[in-house]
Number of protein chains: 2
Amino acid sequence: MNQPFNAKNQPLSARQQEVLTAVLDLMVEEGDGFSMAKVARRASCSKETLYKWFGDRDGLLTATVQQQASKVAMPAMFGEGLTLSGFKQILEAFAVSWLEVITGDVSAALNRLAISHAGSGTSRLGEIVLNNGPIEMSRRLRPVFEAARETSLIEIENADHAFRTFFGLVVSDWQIRKLLGEATRPSQKGIEITAHRAVDQFVTLYGVHEKPRNINA
Amino acid sequence: MNQPFNAKNQPLSARQQEVLTAVLDLMVEEGDGFSMAKVARRASCSKETLYKWFGDRDGLLTATVQQQASKVAMPAMFGEGLTLSGFKQILEAFAVSWLEVITGDVSAALNRLAISHAGSGTSRLGEIVLNNGPIEMSRRLRPVFEAARETSLIEIENADHAFRTFFGLVVSDWQIRKLLGEATRPSQKGIEITAHRAVDQFVTLYGVHEKPRNINA
DNA sequence: TTAGTACCGTACCGTACGGTACCATGCAAG
DNA sequence: CTTGCATGGTACCGTACGGTACGGTACTAA
């Protein structure tokens, strides 16, 4: 992904990234309610520097969101001979990684921020998070589905539907519950179990193996 | 569901509900950013009255959320002899109703509000929305699943997993996209198609069909 | 040394908001 | 009528915040 930029479209210095880390911490702790003064205190810098670097509060938030967005890691690609179990392994790694992210405090804080700003319609944070969340996930998953379709592992009439189904099976209500403040986070084991079941279900719906019935959607 | 209450725990008068409607409108238009003065102007009442009735800003928001929560309608129950197509019809009505709600502007505004407040940890709005959203959906769906299980239409080892699967298949990424500000709303036809597919998929995963193996339930 | 630069800390300004006080109006009870 | 209550309208207060200005300090370059 792209480097995050500040107001002058320069790549960020180490010191600037320190500031963004402070912002992220505050965001996790207090949501959108923190002040520029608090950021300055936390990052041990002056407000004037914040405004020089990031323009205004919105610029600071945008830079923070972009920096995090540039960090989302996803499981690597695969080789040539794609087997069913290999395919399932990739999907499962994907699902685990995704669940770990969205049940985490950082992701929750960023999504909360973007969501509340989307309501006020005063910034592009929602768009940024959307592009680096579900949409990016879809982009990276598409070639995997494509490869599985070409090796006749699955049968997909519409890649978009398949992605949405996979998303739903994996994410379920975990994300909305987290965003609404439900405290209980699934354990690592719980995440793995959830991911495994989601992949099984996906393959049941879209796989072409010895399916017990015809599965058309 | 319960009647919504004001600060004195009296049921709301018609005038008070008018005020809450004004709040809701502002919420849809501007998110969380509206001021008490704006509410007073919009509702043609004085700020003092607002504070007398609802205590403070948080009380006003809480009353608004509770009033909406008390309005969620859900498809009615069913009779005795439950057939597969009847079961699917109920689920589909459920799914359609749910999708209509969560892709609507009012639901988005309320969820955005509750989510941003959940980040600041300063109110119980998240809890209220959660209880009247996914959790209430689960409560109402459970007896339907139960009845279907008893008539051997489906095979469910864990009602909670079944609900989460259904939720994921239905909601997919519609809600998070809406919350993040994606403008495009699915058409009524699109909602029906989505609901239909989700129910088909759910029955594929949990249905008993003519599978002869494992009859215990 | 001098000049320039980058930054920190802090004081300051204007504004907007939550919340309160006060007055005016209308209405019902007596 | 008068009294009391509920409510609308508005002025007001304290505070907190976004944003700016300014002084002080360390460092670099010549």
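The structure is a predicted model, in which local features need pLDDT of at least 70, side-chain atom pairs count only at pLDDT 80 or more, and totals for chains, interfaces and linings use all residues. Residues are numbered from 1 along each chain as its sequence is written, while chains are lettered from A and ligands numbered from 1 in the order in which they are written.

Chain A contains 11 helices and zero strands; helices (H or I, at least four residues) and strands (E, at least two) are DSSP runs, numbered from the N terminus. The C-alpha trace of chain A spans about 65 × 35 × 30 Å along its principal axes. Of the 217 residues in chain A, 40% are buried, a residue being buried if 20 or more other C-beta atoms, placed from the backbone, lie within 10 Å of its own. Among contacts in chain A (C-beta atoms, placed from the backbone, within 7 Å) between residues at least 6 apart in sequence, 68% join residues at least 24 apart.

At the interface, 39 residues of chain B are in contact with 39 residues of chain A. On the side of chain B that touches chain A, α6(B) provides the largest share, eight residues. By class, this side has 14 nonpolar, 14 polar and 11 charged residues; Ala, Val, Leu, Ile, Met, Phe, Trp, Tyr, Cys and Pro count as nonpolar, Asp, Glu, Lys and Arg as charged, and the others, Gly among them, as polar. Because 90% of the interface residues of chain B are also interface residues in chain A, the copies meet through the same surface.

DNA strand D is surrounded by 17 residues, the closest being Ser35(A), Asp56(A), Cys45(B), Ser46(B) and Thr49(B); a residue is near a strand if its C-beta atom, placed from the backbone, lies within 6 Å of it. The elements giving two or more residues to this surface are α2 (36-43) and α3 (47-54) of chain A and α3 (47-54) of chain B. Around DNA strand C there are 16 residues, with Cys45(A), Ser46(A), Thr49(A), Ser35(B) and Asp56(B) the closest. Here, α3 of chain A and both α2 (36-43) and α3 of chain B give two or more residues.

Note on methods. Two residues are in contact if their C-beta atoms, placed from the backbone, lie within 7 Å. A residue is buried if 20 or more other C-beta atoms lie within 10 Å of its own, exposed if 12 or fewer, and partly exposed in between; C-beta atoms are placed from the backbone.
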